Amino acid sequence: MVTRRNFLLGASAAGVALSAATVSSVAMAALPQIVSMETPDTQPPLTPENGRPYNPVVTLNGWTLPWRMNNGVKEFHLVAEPVVREMAPGMKAHLWGYNGQSPGPTIEVVEGDRVRIFVTNRLPEFTSIHWHGQRLPNGMDGVKGLTQPGINPGKTFVYEFEAKRPGTFMYHPHADEMTQMAMGMMGFWVTHPKDPKFMAVDRDFVFLLNAFDIDPGSYTPKITTMLDFNLWAFNSRVTPGISPMVAGQGDRVRIRVGNLTMTNHPMHLHGHEFVVVGTDGGWTPPNSRWPEVTADIAVGQMRAFEFIANEPGDWAFHCHKSHHTMNAMGHDVPTMIGVDQSKLVDRITSLIPDYMSMGESGMADMEKMEMPLPDNTLPMMSGQGQFGATGMGGMFTTVKIREGLARNDYIDPGDYKHPAGTVAYEINGKLPPVQRQTQTQSEDEVEFKVRKPMGHSGH
Ligand SMILES: [Cu+2]
């Protein structure tokens with residue numbers, strides 16, 4: 001079992017740094033310790049060692065912030081600061097976040113907890129934190145100018161309120177949002193119900209949807225981009241950098257997702273039906289739930305999906321917008337399907353010897369594109385499965401369901417071993433003749449027009 005103490009001990013080996021506040025005034029010495037995470041790996045659930053009991057969540061490629069109990073108040077310390085986030089092996093982004101990572105740590109409290117959050121600003125400009133979805137005094141809502149002045153660089157503000165409503169929440173700046181959210185400033189918040197048996201599940205995964213526009217070869221997101229992002233992420237990670245969600249066969253699994261991108265994402269689960277048990281406003285009434293395999297999450301919304309992990313296997317879980325399961329390289333390639341490029345290639349290679357044609361039979365060429373990439377970017381379609389390239393990037397991961405997993409076992413079990421005779425296979429045989437249906441219109445009267453709009457704005 002993972003307790004807070006052995007989590008911290010284990011995690012310090014894995015990269016948690018406990019650092020004293022750099023500001024050495026007497027006032028700062030009274031502030032809670034700053035806990036910082038150095039690795040983008042998924043951390044084990046943080047089982048509470050004080051306060052009321054709850055069933056902790058697992059943050060995909062993230063972690064939960066430890067707190068200090070001070071006269072019955074849970075005290076947290078968030079530090080807004082520039083961070084380096086590995087988005088997938090081979091690509092690092094220079095982002096803004098909290099306590100060493102973007103997104104910041106997940107905050108977990110219990111319904112009715114008194115919560116005090118110290119927010120220190122180490123950014124070059126003012127900030128604030130809005131506690132998205134919470135019931136709280138108006139002056140704690142974090143809207144710069146409207147409910148508080150900005151937190152200037154080097155300053156610390158304190159927010160304090162009672163976590164009144166159980167459910168799924170987010171936090172993010174409400175000061176220069178376009179810059180600060182495009183730079184990765186956001187975090188997850190879960191208020192657990194007073195009764196740990198209420199809505200209890202075996203596995204409870206949480207993550208945010210976010211998006212960045214980072215040119216291949218560069219490190220910093222373009223903050224003026226409004227829709228045309230090129231990296232579609234779960235918790236500032238893209239495939240192949242996103243951890244699988246591991247579950248035991250028969251487990252009740254919850255996946256909570258918050259959307260802080262600038263467009264909607266239809267999230268799709270393979271092999272199982274889920275119900276939406278929670279929204280940003282709380283738990284859904286049981287008689288309002290219906291089974292589905294895809295649920296759209298609009299900008300600013302949270303959804304909690306639940307399903308029984310009945311079917312063992314490696315099941316895809318991804319955004320169903322196919323350009324959201326791609327990475328940065330090759331986003332701007334024109335459609336070349338059906339275009340015979342051979343004559344063109346001959347003429348271009350006489351001018352540019354290294355020229356290579358692409359896309360003549362679809363974009364699958366991109367999967368095996370092994371030409372050198374610029375520094376610090378990811379191929380558009382990567383991801384490897386046991387049968388070869390998956391051609392996936394961006395908002396894609398798997399739910400790995402295995403028989404007989406221990407309750408707290410979140411370690412990637414590797415590729416699913418399919419029982420004999422259960423994998424689609426190639427068959428060799430003579431194709432039967434085509435049976436043509438009678439048509440009222442002759443074929444040469446039918447005019448086909450295939451037109452694709454240029455550009456790809458309006459994601
Ligand atoms: Cu999407």
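This short talk goes through some backbone features and salt bridges of the structure shown above.

Before the details, please keep in mind that this is a predicted model, in which local features need pLDDT of at least 70, side-chain atom pairs count only at pLDDT 80 or more, and totals for chains, interfaces and linings use all residues. Residues are numbered from 1 along each chain as its sequence is written, and side-chain values use heavy atoms, with hydrogens and water left out.

Let me begin with the backbone. Most peptide bonds are trans, and most residues other than glycine have a negative phi. Against that background, the bond from Ser102 to Pro103 is cis, with omega near -5 degrees, and Pro103 sits in the loop between β6 (91-98) and β7 (107-110); strands here are DSSP runs of E with at least two residues, numbered from the N terminus. Thr239 and Pro240 are also joined by a cis peptide bond, with omega about 15 degrees, and Pro240 is placed in the loop between β14 (231-234) and β15 (245-248).

The loop between β14 and β15 also holds Asn235, which has a positive phi of about 50 degrees although it is not a glycine. Asn235 counts as buried at 3% relative accessibility, where buried means under 20% relative accessible area, exposed over 50% and partly exposed in between, with a 1.4 Å probe and protein chains only. Met199, in the loop between β12 (187-192) and β13 (203-212), has a positive phi as well, near 55 degrees.

Turning to charged side chains, the structure holds 19 salt bridges, each defined as a side-chain nitrogen of Lys or Arg within 4 Å of a carboxyl oxygen of Asp or Glu. In one of them, Arg203 pairs with Asp251, and their closest N and O atoms are 2.9 Å apart. Because Arg203 lies in strand β13 and Asp251 in the loop between β15 and β16 (252-259), this pair ties together parts that are 48 residues apart in sequence. Both Arg203 and Asp251 are buried.

Another salt bridge brings together Glu306 and Arg254, at 2.9 Å from N to O. Glu306 belongs to strand β21 (residues 302-308) and Arg254 to strand β16, so parts 52 residues apart in sequence are tied together. Glu306 is buried, with a relative accessible area of 6%, and Arg254 is buried too, at 2%.

Finally, what is the N to O distance in the salt bridge of Asp314 and Arg402? It is 2.7 Å for Asp314 and Arg402, and this pair links strand β22 (residues 313-319) with strand β25 (residues 396-402), 88 residues apart. Asp314 is partly exposed at 28%, whereas Arg402 is buried at 11%.

Methods. Helices (H or I, at least four residues) and strands (E, at least two) are DSSP runs, numbered from the N terminus.
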